[in-house]
Amino acid sequence: MAEELKIQGYCVKCKEKRQMKNAKKVSLPNGRPAAQGVCPECGTKMFRIGDPAKAK
Ligand SMILES: [Zn+2]
């Protein structure tokens, strides 16, 4: 079972900050780290730029 990251993201559908569900670390095409997950309330994809390991 993969470790679930606790990352705050902004859901554009709820218009609120929420903790991402199924958050995972991804890399942008330009090499910058980012995090991607889904909203626990509505299931909309959430995205946040920045290294999730450092953004605490
Ligand atoms: Zn939402």
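Predicted model: local features only at pLDDT ≥ 70, side-chain atom pairs only at ≥ 80, totals over all residues.
Now widen the selection to the two strands. Colour residues 33-38 as β4 and look at how this strand meets β5: the two run antiparallel, and five bridges join them.

Next, bring in β3, and you have an open sheet of three strands in the order β3-β4-β5, with antiparallel pairing. Select 21-27 for β3 and 45-49 for β5 to see the edge strands, each of which pairs on one side only. Turn the view to look across the sheet: on average, neighbouring strands are turned by 20° against each other, direction ignored.

Stay with β3 and pick N22, which lies in that strand. What is the phi of N22 near? The value is near 55°, positive in a residue other than glycine. Is N22 buried or exposed? Exposed, because 12 other C-beta atoms lie within 10 Å, and a residue counts as exposed with 12 or fewer.

For the last stop, leave the sheet and select the loop between β1 (8-11) and β2 (16-19), where you will find K15. Check its backbone: K15 also has a positive phi, near 55°, and is a residue other than glycine. K15 counts as exposed because it has 7 C-beta neighbours inside 10 Å.

Definitions and conventions. Residues numbered from 1 in each chain as written. Pairing = 2+ DSSP bridges. Helix = DSSP H or I, 4+ residues; strand = E, 2+ residues; numbered from the N terminus. Axes fitted to C-alpha atoms, helices over the stretch in contact; angles between N-to-C directions. Buried ≥ 20, exposed ≤ 12 C-beta atoms within 10 Å, placed from the backbone.
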